[in-house]
Amino acid sequence: MLKNNLKKTLLSCVVSVFVLVPLSGASAQDVSSVIRGAKLYDKWYKVIDAPKPATTHKAWPSSNTKKKGDATQRCKACHGWDLRGKDGAYASGSYETGITGLRNFINADTAKIVGIMKDATHGFSGQMADRDFNDLALFVSKGQVDMAKYINADKSVNGDPVQGEAYYKTLCINCHGADGKLPKELPKPMGKIASGNPWETLHKILNGQPKESMPALRALPLQVSLDVLAYTITLPQK
Ligand code: HEC
Ligand code: HEC
């Protein structure tokens, strides 16, 4: 019995070493910078209370006429929720741009990343403050989760929905309701959001929602977020 428990404990230690979210062992300050950077990556102008950009981003390719205006100004619009750009979920669909992902910038020098955001292609210089650029760069360099490892091509997730239900019913239910249809501002039911775009949903679970009180689960073992994600996919579609 004791031996079994010890085995279990050892096993879970070994397992958790492999599934820790980037930075989950880091200082609280780093983690909060990374989740802030991730929310900026999601919708920077919302996070910093800037007006919605009125124009289409100059790097947005004319081949894509499905999106325009502020939607094209979000990092995620060009580089993807999975940070794989043309090699990931945005290889096709309404956000197809042919633009590269950011996977080559894992552990890259943050000053270099800041420089890229201010280059002629991006032109973000003057639109955000130093702290914003630094948090964004920290997310790109230190905060990437290799989503392709956990979310399969058919959008199924390597998570345990039974365990996820327990997490959902303690962490999410107060705001999103048992059936995932709250708050009423939600664009569609959680089940529909998660099954349609598990990459976006994982990004939000790990980092929270820009300008909302939603918690970020990044400091917990990654498996918690994957289990929650696996459960949200099973919630009602309408
Ligand atoms: C409208 C599209 C667009 C948006 C929005 C955008 N980028 Fe880019 N990004 C590009 C293009 C184009 C390149 C050059 C690579 C290429 O040609 O595919 C690039 C390259 C990069 C690179 C270098 C990647 C490499 O492998 O060379 C980084 C890092 C980067 N972007 C970060 C960001 C960040 C952070 C944001 C949000 C603040 C952002 N980008 C927003 C279009 C965009
Ligand atoms: C304190 C309240 C709160 C908690 C707790 C919370 N959320 Fe949220 N969440 C929100 C709010 C508010 C929004 C934004 C709703 C809107 O305006 O679309 C949101 C948005 C989302 C979105 C993005 C919806 C979209 O496409 O716009 C997802 C996905 C999500 N939540 C999942 C979760 C999950 C999973 C949990 C539990 C781990 C959770 N949330 C916990 C408040 C919360």
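**The iron site and its surroundings**

Author: In this predicted model, the iron atom of ligand 1 has an octahedral site, with six donor atoms and angles among them of 88 to 179°. In general, six octahedral donors would ideally stand at angles of 90 or 180 degrees. On the protein side, the iron atom of ligand 1 is coordinated by His79 and His122, each through its NE2 atom, at 2.0 Å. His79 belongs to helix 3, whereas His122 is found in the loop between helix 4 and helix 5 (130–142), so the two histidines tie together parts that lie 43 residues apart in sequence.

An N or O atom in the side chain of His79 is 2.8 Å from a nitrogen atom of ligand 1. For His122, a polar side-chain atom lies 2.8 Å from a nitrogen atom of ligand 1. Thr100 takes part through its backbone instead: an N or O atom there lies 3.1 Å from an oxygen atom of ligand 1.

The wider shell may be described next. Around ligand 1 there are 20 residues, of which Cys75, Cys78, His79, Thr100 and His122 come nearest. Helix 3 (75–79) and helix 4 (110–117) each supply at least two residues of this shell, and helix 3 gives the most, with three. By class, the shell around ligand 1 comprises eleven nonpolar, eight polar and one charged residues. Ligand 1 sits in the second largest pocket.

The space taken by ligand 2 is the largest pocket. Ligand 2 is surrounded by 22 residues, and the closest are Leu171, Cys172, Cys175, His176 and Met214. An N or O atom in the side chain of His176 is 2.7 Å from a nitrogen atom of ligand 2. Glu185 contributes a backbone N or O atom, which lies 3.5 Å from an oxygen atom of ligand 2.

As to secondary structure, helix 7 (173–176), helix 8 (190–196), helix 9 (198–207) and helix 10 (222–232) each provide at least two residues of the shell around ligand 2. Helix 9 gives the most to that shell, with four residues. Divided by class, the shell around ligand 2 holds 13 nonpolar, five polar and four charged residues.

Notes
Residues are numbered from 1 along each chain as its sequence is written. Chains are lettered from A and ligands numbered from 1 in the order in which they are written. This is a predicted model: local features need pLDDT of at least 70, side-chain atom pairs count only at pLDDT 80 or more; totals for chains, interfaces and linings use all residues. Side-chain values use heavy atoms; hydrogens and water are left out. A residue is near a molecule or strand if one of its heavy atoms lies within 4 Å of it. A polar contact is a pair of N or O atoms within 3.5 Å; within protein, one must be able to donate a hydrogen and the other to accept it, and residues adjacent in sequence count only if both atoms are side-chain atoms. On a 1 Å grid over the protein atoms alone, a cavity is a set of points where a 1.4 Å probe fits but cannot get out, and a pocket is an open set with protein on both sides within 12 Å along at least five of seven lines; lining residues have an atom within 4 Å of a point. A molecule sits in a cavity or pocket if more than half of its atoms lie within 2 Å of its grid points. Ala, Val, Leu, Ile, Met, Phe, Trp, Tyr, Cys and Pro count as nonpolar, Asp, Glu, Lys and Arg as charged, and the others, Gly among them, as polar. Donors are N, O and S atoms within 2.8 Å of the metal (3.2 Å for Na, K and Ca); water is not among the atoms, so sites may look incomplete. Four donors count as tetrahedral if all angles lie between 85 and 135 degrees; four count as square planar and six as octahedral if opposite donors are over 155 degrees apart and all others between 65 and 115; anything else is irregular.
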